[in-house]
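Me: I am new to this structure and would like to learn how to read it. Please take the features one at a time.

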Amino acid sequence: MTASRVQFSGEQLAEVRRLQALYPDRRGALLPVLHMAQDAFGWVSLDVEEYVAELFDLSPAHVHEVVTFYTLYFRQPKGRHVVAVCHNLSCHLAGAKTILGHLKTRLGVEVGATTPDGRVTLLAVECLCACERAPMMQVDDRYELDLTPEKVDRILEGLR
Amino acid sequence: MTGERILMRNFDRPDSHTLAAYRATGGYAAWAKAQGMEPAAITEEVKASNLRGLGGAGFPTGTKWSFIPKGHTGPVYLVINADEGEPGTFKDRYLLERDPHALLEGMLIAARAIRAATGFVYIRGEYVEPWRRFDAAVREAYDAGYLGKGFDVVVHRGAGAYICGEETGLISSLEGKKGWPKVKPPFPAIKGAFGMPTIVNNVETISHVPHIIDRGGAWFAALGTRTQGGTRMFSVSGRVARPGVYEASVAITLRQLIDDLAGGVTGNGRLKGVVPGGSSAPILRADEIDVTMDVDGLRNAGTMAGSAGVVVMDETVSIPEALLVVARFYAHESCGQCTPCRESTGWIYKMVRRIVEGRGRKEDLDTILDVARRGAGTTICAFYDGAVGPYLSYIEKFRDEFEALIAK
Amino acid sequence: MPRLTINGKEVEVPAGTNLIEAARRVGVEVPHYCYHPGLSIAGQCRLCMVDIEKTPRPTIACNTQAVDGMVVWTETDRVKETRRSVMEFHLINHPLDCPVCDQAGECWLQIYYMKHGLYDPRMTDEKVHKPKAVPLGPHVILDAERCILCSRCVRFCDEITKTGELGIFHRGDHSEIGLFPGRELANPYSANVVDICPVGALTDRDFRFQVRVWYLDATKSICPGCARGCNIEVHTNRRRPHHAEGRRVARLKPRYNADVNRWWICDAGRYGYGAVDDKTRLRAPSRREGEAVADATWEEAIAAVAGTLGRLRPDELGVIASPRMANEDLFALRRVLERRGIRRVGCRVPPREPGDEDDILIRADKNPNARGAALLGLDGDAAAVLAAARARQVKCLWVFDHDLLASGWPEASVEQALRAVETLIFTGPNANATSERAHWVLPSAAWVEREGTYTNFEGRVQRFRQALEPLGQALPAWDLLGRVLVALGAPAAPPRAERWFGELAAAVPAFAGLSYRSIGDAGQAAATGPA
């Protein structure tokens with residue numbers, strides 16, 4: 001009933017099977033396949049969860065348990081870029097609050113929200129383990145280190 | 001005191017992550033040597049080295065390996081914990097990015113010792129660049145024939161959960177489930193990943209193994225203290241002049257680490273407190289830093305070596321605000337499985353927040369202390385005990401700061 | 001077999017026994033929430049802590065196996081203190097809404113708080129809010145704020161029904177039990193999660209707000225819903241009948257039987273008691289002449305039936321007995337048949353739809369006593385009796401329980417047979433299309449209104465007890481059959497079900513040596529093998 005919209009390509013399905021074969025029990029590939037699904041479909045909707053559950057012959061409730069447990073699966077559409085500011089101890093000591101406040105002002109959104117133009121989703125996250133270069137944030141795949149409000153502005157300018 | 005850099009010896013080379021560079025500096029020679037050794041002999045060498053787990057628990061590595069049941073004939077798994085997430089720690093990120101082949105060589109040797117044919121490397125999901133570097137190294141190692149001949153490596157990415165750094169939480173996650181730690185017994189060495197005997201070791205721990213095989217357990221043991229061999233990588237952050245990762249003997253003192261290696265305290269220049277082993281380690285006051293950084297040295301000082309993440313706070317830092325950050329973290333990361341942890345991490349966070357926001361009551365501090373003490377030691381895994389460390393130590397050692405907020 | 005000491009008492013237990021079960025054997029209760037003997041070990045409620053000598057701190061009993069020489073103490077000061085702490089953690093985010101909670105009175109939060117808690121509450125911050133009054137399926141409703149996240153319900157759906165509907169979502173103190181959005185908890189055993197929920201998180205939609213549990217009486221019984229014969233308790237509301245609008249049976253609950261149903265029953269059985277109090281109940285004997293139906297006294301009815309049975313030749317008499325009748329009823333019927341030499345007897349009537357079946361409990365045969373009927377020699381195919389009726393060989397047909405017009409037989413052929421007989425007698429607790437055609441209706445008591453035994457598909461003879469008085473003038477079938485027997489000239493009939501069973505046991509080899517006492521609460525196997 002959901003398969004019409006949510007469907008991996010043949011190539012992607014082959015990758016699913018390859019990943020599943022890497023583990024003694026194919027369920028081991030659930031997290032990697034959810035990452036794949038998020039890349040392919042933009043976020044992990046309930047339809048995606050049901051689709052992935054079918055690929056693993058799991059109950060959708062068990063996939064939902066996994067998706068809601070981890071922070072990296074987006075359960076709502078996210079912006080074209082995700083800006084995740086660390087607010088744990090070392091970044092706190094280095095002024096993460098200022099950075100986060102600056103981002104909220106610049107983007108005009110609260111933590112957890114996406115800018116109306118769909119450009120950026122702003123998150124506050126726990127330690128990303130780059131404390132030596134605090135304050136820091138992750139922008140999509142990249143770590144941005146030694147942040148200052150000015151540096152944040154330059155980074156934001158690069159996000160389209 | 002800093003002595004020879006072992007793990008970080010190649011970090012300054014721009015191509016340190018490549019197989020060519022690794023081999024050029026003697027890489028994979030230890031593996032060649034280990035292939036001529038009996039598995040039990042490898043374990044004995046590691047036992048002799050006094051290598052202890054560097055992820056947080058500090059358990060003797062060789063002893064852990066020896067728990068694999070002798071008569072077991074099915075698969076055995078080696079799992080590498082690269083789910084670095086202990087606040088204040090960043091050493092494994094460096095190892096994955098700058099010397100991935102050291103980990104792979106260590107894995108080959110460890111796998112031989114425990115007779116594992118498969119190794120899983122669980123890398124935290126946020127570590128994209130470290131994963132790319134390590135994954136590239138795995139491909140190089142396959143191409144060069146190190147892997148794929150009796151030992152395969154699967155690189156597995158996490159999805160954002162601190163608890164997956166706990167070894168059985170990691171196993172649950174590797175199995176495609178929520179990262180709920182497992183009740184013990186059975187211990188992973190008996191029944192671990194996918195129901196098979198499993199050894200879970202930290203990145204840094206295993207990266208030491210080639211050197212131990214190459215130069216001998218006795219050499220490694222001599223680098224450290226009586227009960228812990230070797231060097232380790234200290235992640236130093238917070239209010240210091242030169243935050244960064246420093247490799248030193250585990251016998252270094254916290255004062256040396258802060259003053260000599262990290263360039264001393266910044267802020268107002270006067271130390272207030274230090275977290276010596278990641279956020280779960282009880283905080284030390286300025287007068288408690290003449291302590292060696294080995295597992296037993298810090299345990300005797302009432303704290304723990306943990307992951308060797310050192311977070312320095314000068315006098316201008318508000319301890320209640322720091323505790324609020326820490327308490328929020330534990331409330332956010334509690335997996336929710338065991339009642340005492342699930343319920344009290346949230347409760348304590350609310351109480352600390354109230355105090356910091358100026359709505360504290362005089363009984364709050366004793367309630368937090370009592371709740372934390374009552375929950376300690378009652379849960380499946382060590383997560384909650386790790387939260388109790390800061391709850392108790394921040395309040396007990398800096399009570400006046402909390403009381404000042406409540407009195408307002 | 002490890003031998004260990006618990007609170008100073010020595011006990012020997014089978015290898016693999018955990019400390020909760022070992023303690024039970026010496027009468028020591030270790031409080032617990034997540035542990036359930038029918039499910040895997042979760043170890044997450046942290047309440048079942050005990051002290052084991054030479055162990056540095058209290059240990060959970062559920063995940064600790066008894067070991068030879070182990071010395072266990074369940075009531076040390078630190079164990080009691082740990083329990084009190086864990087109780088506080090269980091309750092800080094609980095809404096404490098006992099006055100409006102169905103679980104009140106049988107809630108393990110209440111019980112353990114009174115026994116092991118009794119601390120002064122000190123949680124003053126805003127509690128975590130979660131979904132309330134969420135219907136999960138046809139039978140179960142969830143209050144996530146009351147949930148202590150013991151995961152029993154999740155494990156039940158994973159391990160027993162293997163349907164996996166439930167999960168624990170999110171983490172930390174926002175963790176909550178739930179379904180995948182849009183799905184239902186509708187497996188055939190769904191309401192067992194209500195039974196195993198130790199708190200008021202999962203309650204029974206059918207039972208919800210009906211009656212306080214402390215007004216209920218419990219009676220040991222057997223589910224009549226299929227040939228499994230699941231052991232149950234019948235919970236009846238006799239003390240507050242005005243709260244139930246005439247509904248006397250408040251609910252059925254599974255009763256543990258290791259060899260039959262363990263801790264579970266199916267939903268069909270659990271909610272299958274509706275006929276007991278519904279409008280179709282036959283309350284008094286009645287006679288129909290043409291379209292006119294009039295109540296009759298038992299004396300009139302028995303005299304008329306016995307008169308007909310006595311007047312006609314045996315081969316003009318046909319009986320369709322029922323595998324829903326108890327062994328006692330069937331034996332009383334057998335006495336009547338023997339007395340009149342009646343040979344046209346059948347019992348098996350094909351259902352219109354084949355019964356569902358699974359590999360858990362549910363049997364395709366929806367009758368509780370088909371095996372008993374067979375052991376009593378009354379399991380013949382009723383088709384022959386009906387064929388004889390159609391051929392006008394049968395002048396009087398006595399039908400028990402069945403609605404032949406709703407059976408698997410073509411309705412027209414049943415119709416033809418019913419029209420062909422001069423006298424149709426019906427006995428059963430509820431009216432149906434067949435009873436409406438009967439000239440005489442002799443109402444029998446429902447199974448909860450009497451005692452008796454059923455023999456399940458495996459040949460296990462199991463007792464059910466009387467929970468309620470028969471409705472109206474209904475009589476247990478063995479009683480009305482006994483009266484017919486006496487009216488046919490027998491000197492006397494046994495006055496109680498137990499006596500009927502004694503005669504049965506003396507007469508039928510398969511039941512030899514069995515008695516109500518020997519059957520007890522757990523049942524006893526009949527000698528069903530080749531004689």
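Me: How far apart do the C-alpha centres of domain 1 of chain C and domain 2 of chain C lie?

Reply: Domain bounds come from an automatic or database domain assignment. Here the C-alpha centres of domain 1 and domain 2 of chain C are 25 Å apart. Note that this is a predicted model, in which local features need pLDDT of at least 70, side-chain atom pairs count only at pLDDT 80 or more, and totals for chains, interfaces and linings use all residues. Residues are numbered from 1 along each chain as its sequence is written, while chains are lettered from A and ligands numbered from 1 in the order in which they are written.

Me: Which residues does the domain assignment of chain C give to each domain?

Reply: Domain 1 runs over 3-90, domain 2 over 98-277 and domain 3 over 286-525. Two residues are in contact if their C-beta atoms, placed from the backbone, lie within 7 Å. By that rule, 16 residues of domain 1 of chain C meet 18 residues of domain 2 of chain C. The domain 1 side has seven nonpolar, five polar and four charged residues. In this scheme Ala, Val, Leu, Ile, Met, Phe, Trp, Tyr, Cys and Pro count as nonpolar, Asp, Glu, Lys and Arg as charged, and the others, Gly among them, as polar.

Me: How many helices and strands are there in chain C?

Reply: Helices (H or I, at least four residues) and strands (E, at least two) are DSSP runs, numbered from the N terminus. Chain C has 15 helices and 23 strands. Its C-alpha trace spans about 85 × 50 × 40 Å along the principal axes.

Me: How are the axes of α13 and α14 of chain B placed?

Reply: Axes are lines fitted to C-alpha atoms, for helices over the stretch in contact, and angles run from 0 to 180 degrees between N-to-C directions. The axes of α13(B) (residues 319-333) and α14(B) (residues 339-356) come within 9 Å and cross at roughly 155°. That makes α13(B) roughly antiparallel to α14(B); angles over 145 degrees count as roughly antiparallel. The residues of this contact divide into eleven nonpolar, two polar and three charged.

Me: How many residues does the contact take from chain A and from chain B?

Reply: Chain A contributes 34 residues and chain B 44 residues. On the side of chain A, α2 (30-41), α4 (60-69) and α5 (89-93) are the elements that give two or more residues. Of these, α2(A) gives the most, with five residues. By class, that side has 20 nonpolar, eight polar and six charged residues.

Methods
Angles under 35 degrees count as roughly parallel, over 145 as roughly antiparallel, 65 to 115 as roughly perpendicular and the rest as oblique.
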